[in-house]
Amino acid sequence: MTSRFLYTAILCLHWASYSCAQKAVKTFTHTQNKQGASTTYQPSWKSLERHDEVPEWVRDAKFGIYAHWGVYAVPAYNNEHYIQHMHNEADYAKLGTHKRHLAVYGPLSEFGYHDFIPEFKGEKFSAEEWADLFVKGGARFAGPVAEHHDGFAMWDSEVTPFNAKDMGPKRDIVGELEKAIRKRGLKFFTSLHHELNYTNVKVKPTWEAADPKYAKLYGSPMPEKEWQQMWLDKCLEVVNKYHPDMIYHDAWLEQVDEEKIRTYLAHYFNEAASRNQEVTVTSKGGDIPYNVGMEDHENSNPEQISKSPFLSDYSIGEGFSFSWGYTEGMGIRTAKDIVHKLVEIVSNNGQMLLNLSPKADGTIPEDQRQVVTKIGMWLWTFGEAIYETRPFRVSGEKTEGGKRVHYTQKGKDVYIIFLDWPGGEGEMTTQKDMPVSLKQLTAGNLNGKVKAVTLLGLKKLENIPFNATSQGLTITIPAKTRVPSEIAHVFKVEIE
């Protein structure tokens, strides 16, 4: 009971001290737009579209890692939308979450989502350990979900009492990760999903959630005008305190007043310019025009080269009980699955964002850590075919033998990335000379003379015999060539 009394006391203190006055939105006069001219961004789409929507550092970075970690990790059932499904009284509610909640925790009149907060302790959380894992995994940008749809802010907030500094872990999770990630030379990423908070749960008067002191958590009990202002104030607070290099927004931004979105973006871009910082913002479904920010594809990606650079976010979780947040018994993707998807995304002009699912105590499960470590082993070995590359004229092809291959380019040089080893399956070495024809690597597409072809990943670069013609490039893998990877295989084509 002690934690519940303390929890209520925090709420009372916060209501007494919180001022609704919005901090002034800064403007500056030396912002560089995509044409290189100085400007001050105003809260209009015409002004905001002058912003460089995808800075070059994003296109060079290629791979990032983030984590869905929040109160939903306490029940650890169904998925990170637990707050929504526990209130869905229909018999067909996903995985029977409502019925199970009643059986395990009691009726909603006695036990609400807010009652999980005291159990969300994060007692084993270490920003340093998380950041070390991100580096080992080969990420170039990383960070946490700052707030999901459940209304619980993972930073030290003055806007809402429902935050990780005042409740639960009693720590500024976003702030600690921002420092640890930047200290390791990575760009800082964070995501905001709170646009769904207002319509996520329709609170019934008989539920404990109907108590006015919980309004800022559940959202819908607030007057919409106040909720809209809270949405904006949270965005501004994250920008002002943590200065993210990339801010990701989930779907449903259409539920926010457009004027609020434009005000927030103008402030974000101007604040970044005052720090000589190049930033980007992502959205889905055109909620933010794609000449202002970068398009995100959730658990999907274009299958052809996209004219505009994009982001694709994939969760490490998989299976029937798919979740972005940690759930007991969750299945996870293999390192091979993730690297193959990364290669496909990069060859089509995209960047990949991998999501992890930490437990309520703040630890990242060992099976997830092992997958990230294996991804890193591949990237630290073959990353030159991923980082700082740009799409080739075609994203890839299948060989006559059915082997999947993708292409990337850096300067004049082209990287051939085989998802399937072309020298024979199921063997540690190639049993005989193995010619492989790549019809898309014509003289016209290569735009120059082939100087050399080398196989990466062995103790020394393996020179590969080749024959380049107007019909394509044929490489011959010599007999007894050791298979360099269990995931994907890279050949570098040097062009002179």
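Predicted model: local features only at pLDDT ≥ 70, side-chain atom pairs only at ≥ 80, totals over all residues.
The structure has two cavities of 30 Å³ or more. Around the largest cavity stand W69, G70, Y72, V145, A146, E147, H148, D150, F152 and M154. This lining is split into six nonpolar, two polar and two charged residues.

## A three-stranded sheet

Next, a sheet. Three strands form an open sheet in the order β16-β20-β19, and their pairing is antiparallel. The edge places go to β16 (434-438) and β19 (466-469). Each edge strand has a single partner, so one side of each has no neighbour in the sheet. On average, neighbouring strands of this sheet are turned by 15° against each other, direction ignored.

Look at one pairing in detail. Strand β20 covers residues 472-477 and pairs with β19 over four bridges, in the antiparallel sense. Across this pairing, F466 stands opposite I475 in β20.

## Salt bridges across the chain

The structure contains 21 salt bridges. One of them joins the side chains of D156 and K241, at 4.0 Å from N to O. D156 sits in the loop between β4 (141-147) and α7 (173-183), while K241 belongs to helix α10 (residues 224-242), so this pair ties together parts that are 85 residues apart in sequence. D156 counts as partly exposed because its relative accessibility is 25%. K241 is also partly exposed, at 30% relative accessibility.

A second salt bridge connects D250 and K284, with the closest N and O atoms 2.8 Å apart. This pair links distant parts of the chain, 34 residues apart. D250 lies in the loop between β6 (246-249) and α11 (258-274), and K284 in the loop between β7 (280-283) and β8 (294-298). Are these residues buried or exposed? Both D250 and K284 are buried.

R262 has 18% relative accessibility, so R262 counts as buried. E258 is partly exposed, with a relative accessible area of 42%.

Salt bridges can also share partners. E128, D132, K183 and R184 are joined into one network in this way.

How values were computed: Residues numbered from 1 in each chain as written. Heavy atoms only, no water. Pairing = 2+ DSSP bridges. Helix = DSSP H or I, 4+ residues; strand = E, 2+ residues; numbered from the N terminus. Axes fitted to C-alpha atoms, helices over the stretch in contact; angles between N-to-C directions. 1 Å grid on protein atoms, 1.4 Å probe; cavity = no way out; pocket = protein on both sides within 12 Å on 5 of 7 lines; lining within 4 Å. Points joined across faces, edges and corners; volume = space filled by probe spheres on them. Nonpolar A, V, L, I, M, F, W, Y, C, P; charged D, E, K, R; others polar. Buried < 20%, exposed > 50% of the residue type's maximum accessible area, 1.4 Å probe, protein only.
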